[in-house]
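Visitor: Could you take me through how parts of this model sit against each other, one step at a time?

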Amino acid sequence: MGQSEANAQKSTSSSSKPRIVTCAGLADFEEHIRKAIAYRAYEIYESRGRGDGSDMGDWFSAEKELVKPANVQVTESGDQLRVQAKVAGFSAGQIQLGVSPNRLIIWGEGARLAGTGSAAHLLDEINLPAPVDPDEASAILNGETLDFQAPKEKSNAA
C-alpha cells in the first residue's frame, strides 16, 4: 500500500508540471504557435466570406484573440530567477514553456470553446532581467498560478 500511495503521489505531482521546451525544441515550439495564429486567421478569413485584401487584418485579429498575456510577476533572489503567472482556466497539461537564456514563452492551449470551434489560448513572452540556465529550469502549476524557477547563468568573470 505504501508503494501505490507513493506512485499516486508521484503521478499527481508530475501532472501539475507543465512541459518545458529548451534549445533545439524552441524553433518547433515557436512554429507551433505561428501555425495556431495562422489557423485562426484563416478561420476569420472564412467567416468573412473569403474576401481578399484583409489578410493582415485577419492575422492581427487572430493574434489579438490568441495572445492573452498572463498577469506576471518576475523576481530575482540571489542566484535564482522566479516568474509567477496567473493562468486561470488552464491545466498543467495544456501549458508549455519555451525557455532560452533571456526569454520565457508561456503558451496555453485549452479545449475548444463551445459555439466557436476555437480553442482557448494564452501566450505571453517575457524578456528575463538576467540570463538563466534553461536546462535547470523547473515549473509547477499551483491552482491558477504557474510558478517558474531557473538558476541564473553563472558569470565567467571571477
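Visitor: How are H2 and H3 oriented to each other?
Guide: In this predicted model, helix H2 (residues 25-47) and helix H3 (residues 55-66) pack with their axes 8 Å apart and at an angle of about 120°. Angles of 65 to 115 degrees count as roughly perpendicular and those over 145 as roughly antiparallel, and with an angle of about 120° the two helices are therefore oblique to each other.

Visitor: Which residues of H3 make the contact with H2, and how many residues of the contact are charged?
Guide: From H3 the contact is made by Asp58, Trp59, Ser61, Ala62, Glu63, Glu65 and Leu66, while the residues of H2 include Arg34, Ile37, Arg40 and Ile44. By class, the contact of H2 with H3 has 9 nonpolar residues and 1 polar residue, and the number of charged residues is 5.

Visitor: Is the pair of rings of Tyr42 and Tyr45 stacked, edge-to-face or tilted?
Guide: The structure holds 1 aromatic pair, and its rings, those of Tyr42 and Tyr45, have their centres 5.6 Å apart. Planes under 30 degrees apart count as stacked and those over 60 as edge-to-face, so with planes at 40° the pair is tilted.

Visitor: What separates Tyr42 and Tyr45 along helix H2?
Guide: Tyr45 is also one of the H2 residues in the contact with H3. Because Tyr42 and Tyr45 are 3 residues apart in helix H2, their separation is about one helical turn.

Visitor: Is Tyr45 buried, partly exposed or exposed?
Guide: Buried means under 20% relative accessible area and exposed means over 50%. Tyr42, at 40%, counts as partly exposed, and Tyr45, with a relative accessible area of 22%, is likewise partly exposed.

Methods: Residues are numbered from 1 along each chain as its sequence is written. This is a predicted model: local features need pLDDT of at least 70, side-chain atom pairs count only at pLDDT 80 or more; totals for chains, interfaces and linings use all residues. Side-chain values use heavy atoms; hydrogens and water are left out. Axes are lines fitted to C-alpha atoms, for helices over the stretch in contact, and angles run from 0 to 180 degrees between N-to-C directions. Helices (H or I, at least four residues) and strands (E, at least two) are DSSP runs, numbered from the N terminus. Angles under 35 degrees count as roughly parallel, over 145 as roughly antiparallel, 65 to 115 as roughly perpendicular and the rest as oblique. Contact means heavy atoms within 4.5 Å. Ala, Val, Leu, Ile, Met, Phe, Trp, Tyr, Cys and Pro count as nonpolar, Asp, Glu, Lys and Arg as charged, and the others, Gly among them, as polar. Rings of Phe, Tyr and Trp (its six-membered ring) pair if their centres lie within 6.5 Å; planes under 30 degrees apart count as stacked, over 60 as edge-to-face and the rest as tilted. Buried means under 20% relative accessible area, exposed over 50%, partly exposed in between (1.4 Å probe, protein chains only).
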